[in-house]
Amino acid sequence: MSPKGGTLCILFILACAALAKPPDGINDISRRMMKKCLNNVYPEPKMQLKTLLENCDTAEVDLLSSYTDMISGSSNKDPQVDIMTYRKCLLATIKLMRNSSMAFSCHMQAFLAPLSWQMLTKYENMTPEEYDTLLSASKPALENLQSAGMKLPSDVGKPENLENMMKALKEKFTGMSKDQTTQVVKWEKEQIMEMYFNCTTRPAPDPRSGLMERCKPQTKWLGMNALTMMGPYVANLAPNDVDSAPKEELCKFFGSQQFKSATNMTSGMNPSLGRKFLQRFKECFKNEEEFAGNVDKLGILACHFSNAPDLDSEFSKKLLSELNNCDEDRNPKIKKLKKHLVKAVLSKTNSTEALKLLGKDVASLSPSDLSKFSENDLKKVLLKLGSSVQWTRAQMRVLGKKLQDNMCKTNISGEDLVAFMSVAEGLPRCAFKHVKEILNNTEGMKDISQRTRKGQRMAMLQQLFGDVTPSVLVQKLSGPLLNSLPLNKLDKANISSMDQVGNKTWSRSQAAFLAKKMLRQMKLWYRVKNLRSVMQGIICKMIDEVSDSDTRDMAQALTETPQLLSKAQAGCAARKLFATLEKERADYFKNITEEEMKNISTCLLLHLPPSKVNDLPASVCPTFLNKLEEADLSSLPLRSKSRPALTKRALLCLGTDLSLLTKQDVSMLGPLLCELSPSQLKLMAPEVLKSSIYAMASCQQISPRHVADLVQLAKNTSGDPSDWSAETMEALGPWILLDDNETSALPNKPWMKDVLYYLKAKLKHHSKALGKKIFDLTTTESNAARKKRAANLSGKKITVELIEELGMDNIYWSVEQLEGMSDQTFLDSVEFLGDVPGYNADQLAVLKKKADKNFGTDITESEVRQLGCITRGFSNEALEMLPFSLDTLEDTANCGWNGSQMESVWKGALKHNNVTAQKLEAADIVTLSQFICGLNSNEIKQLSIDAFKDAVGSMGNVACSYSKLQELKLLAVSAFGKPNNWTEAQVDELGNIAAGLDAAEIVSLKLSVFSFISKTSIALIPPHIFAALTVDQLLSLGPDNAAMVTPGQRAVMSEEQLATLERAVTGSPDEARSVDQSGAPAMSVGGISAFMKPLLFLLLGLLLL
């Protein structure tokens, strides 16, 4: 039934968006949510709006006018109407929406949610039903918590309101950042203290802090009700908060399994908090036996055991089940604990029963243990477990050998390939003969390709090339297998529409090929839908040729997927947009409005030149700061001159006197906080400085010139690291790990290794000092134990358990320690030791002796694969005699071979595999990987051109000597023609082979290809050849490639070249340069206006009915 007529209540809702004037931020939150609606292509609300027009009072026309101004950007005036006047209309509209086809409208939620939250947090006298209605409507906006306009309420009023609020917040837990969840915990603690204990924990400046007494530290506020309300947020408590939980109530919380179910939503818990909770958990039981009977209630706390408990088979199985939710890659101690428990389970069962009983935990068996099970038993387990298990390389080699011999005398069906995908990497390439059988199993093919090596993927493609057309392959393939599809096959795929490729994820070389094939002849290429990953192939020339009238549309199209936008592309798009804007109005950025700034994508705004940043008027500060708060600085060159300019302008927006900045002010800097210099930080108030240092510990990039002073600041604010608690180390440890000397000097405290594992998992880059410190903590006995065994000067004895726990850090064993390793330990752990690259000559000599003693001189192919990187310790003559399979070559390609060793290994593989260079197929060439550098000049010339074309894109960044790269370059010329005609896609696909060009050839390359040169190839170009590059070519390298230029290359460059290189590194090329590079993705609000204006006219029409 159609609702009664009336004057649009919905107009009130839309108009009320105008009521949120910065800094309240409701406008910005609505816009941000609307962007997501548009990016996800959600349908726009149409005439169904009529269903919401019932039982509302007349809405004032000036509200509509205000809303119109908000959409058009013509006004930011203060609204004249009190938002609370319309609460009844808003509540009625929300209720009507629940029962309409618009209930799940993304667009309507973008309007209603922020507005509902504002009313919820500002209006006190409402019924429970009204509160619940507004809270329910607010939920979609909660991911913006702590943004401007989305602050948690100072007072929720009634206890039931707090409970309902926490229920809503729990539903949004998984999408929240660490900072947001920490704020929720702090807020709930404040609410509980004030509501139930009539005291406050708020800081002194807060108005409410003066109305109540300060809470005492010993207040037992964390009762059963608080724990239940908090749910998953308990994982963000401070360790001393756990001491505020009464024992009886905390034990009840553990015993009811509520703790376990609540923390199942979390991805982890800080080690210090985990240990504290585990300690309190143990206190709930009288003895170890009673504790053992309750290990199934541990949940995430199982991940924080320091030492393996002694449990019988039954309880060991229960604890293993709890450990399945732990990330053993982040903390190798979990693996050690699992292995201990698996032994306990195995001690009471026979082998066949053990496999059934262990389930996923079968992955904790050693390779030698797995080899003892029958083929049939292992197949049954693999079929049952499917893809849910993660195996080590050593385990996959054993299991792969069990399932398929190297000659593939028995066939594995396509169906079995899918079933055994978890161990696919351990299968020989010949095992993929029947991949065609599963071509229509899209997800199965994708999953297998994600678990295979490059050589295996090319073997799969070779099987398909014979019977399946490239067009069908483009349609059916996805993931890494699609990305391995060679350009010459993609060229034959008869692609005529972007609809055929838009929803696929392409490699950069494929994207460049498709962009040239499909888009470069289209004047309005930026209006094509579904560009997505093809955006990677857009070059700057295409951006520069866009007409000024279409530049905004182009910028919006390029910024739809900012994560795919390279620094070079972002710079090109930004320069084009800024130049166009300044043509429209002189000094555009001197008098830019807030709405105009909102319409510039954040990832492009970051590239605003320093002079323009300095010109920004104070009136845009709220919008400027809001944009910076959500900015991703990774699209901006590390040494960009815009970084300090943006930081300076942001600080000016906050106030010229740094000593007056508050913690809230500093939080508004967002990622620009990481750009502050030590001298700027020192001007802050002590408490603000301390909180800033804590916040900056999460920075992914810190200017190298600031590191030493910032580390000292961290020490000045928190004391000597040797005195830090585990909690302080968790928070500030990243600063210490930036300094090798400080890292080495960290004390050997019981909790230190766990904290270092925790920090290591969060860091993008790990120093050798960190690896050595973890090694020392793992292998060094306690002081008391050392005193008892002072005679043992070589340290702790090497065991299989230690080797497995150390992983790549086995590189730090001394020669004396390696010599003391028993033969049995070597045999039991050789595959783990063989996976470690980078041993020095002395270590290799000892390990080679161990191999000789235990394997003899007649080493088998299987033993060579086990030895892995240890084979680098063999002489060149011995390497020629070793039976390397081609699959083993791919496994050991990154062990650090020198040129003569690679030649010897290739000669040995040539004999053992009975192949010649002429007979190598594409999959063979890919499998050779780095060892293609071992082929001599004649052999490289004998390689099949067709096989090379198929293989080159999957060969990886092989790092050969320049002379070998020259030989491979000649092959590339035979395959792709002269370098001056090479396309962006071909240069990208060639990778490091492009470093084999001579001076004349590199100068002949088109400008547009330079940003597609592989980053790793830059250092391989000899200095005298690199010095031949012109100024325009240096600029065309782009920031990432320019940053890879070596000191040796710089040493032979002219002053003009060095100055030009500096402009390339900083992303600030000459304005007059005719660019020819590449471009692609981010976000704007133009699309929102495009949607809103027709909707507004519709509403106006309805208003006049």
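**Disulfides in the predicted model**

Analyst: The model is predicted, and a search of the whole structure finds 8 disulfides.

A disulfide joins Cys199 to Cys215, with an S to S distance of 2.0 Å. The link of Cys199 and Cys215 is right-handed, with 100° about the S-S bond. Cys199 belongs to strand E1 (residues 199–200), while Cys215 is in the loop between strand E2 (213–214) and helix H9 (224–230), so the pair ties together parts 16 residues apart in sequence. Both Cys199 and Cys215 are buried.

The sulfur atoms of Cys251 and Cys284 are 2.0 Å apart and form another disulfide. Its torsion about the S-S bond is about -95°, so the disulfide of Cys251 and Cys284 is left-handed. This pair links distant parts of the chain, 33 residues apart: Cys251 is in helix H11 (residues 247–255), and Cys284 is in the loop between helix H13 (271–282) and helix H14 (288–292). Cys251 counts as partly exposed because its relative accessibility is 21%; Cys284, at 19%, counts as buried. The cut-off for buried is under 20%.

Cys933 and Cys960 are also joined by a disulfide, S to S 1.8 Å. The torsion about this S-S bond is about -75°, so the link of Cys933 and Cys960 is left-handed. Cys933 lies in the loop between helix H53 (922–928) and helix H54 (937–942), and Cys960 in the loop between helix H55 (945–951) and helix H56 (962–976), so parts 27 residues apart in sequence are tied together. Cys933 is buried at 5% relative accessible area, and Cys960 is buried at 6%.

Key:
Residues are numbered from 1 along each chain as its sequence is written. This is a predicted model: local features need pLDDT of at least 70, side-chain atom pairs count only at pLDDT 80 or more; totals for chains, interfaces and linings use all residues. Side-chain values use heavy atoms; hydrogens and water are left out. A disulfide is a pair of cysteine sulfur atoms within 2.5 Å. Helices (H or I, at least four residues) and strands (E, at least two) are DSSP runs, numbered from the N terminus. Buried means under 20% relative accessible area, exposed over 50%, partly exposed in between (1.4 Å probe, protein chains only).
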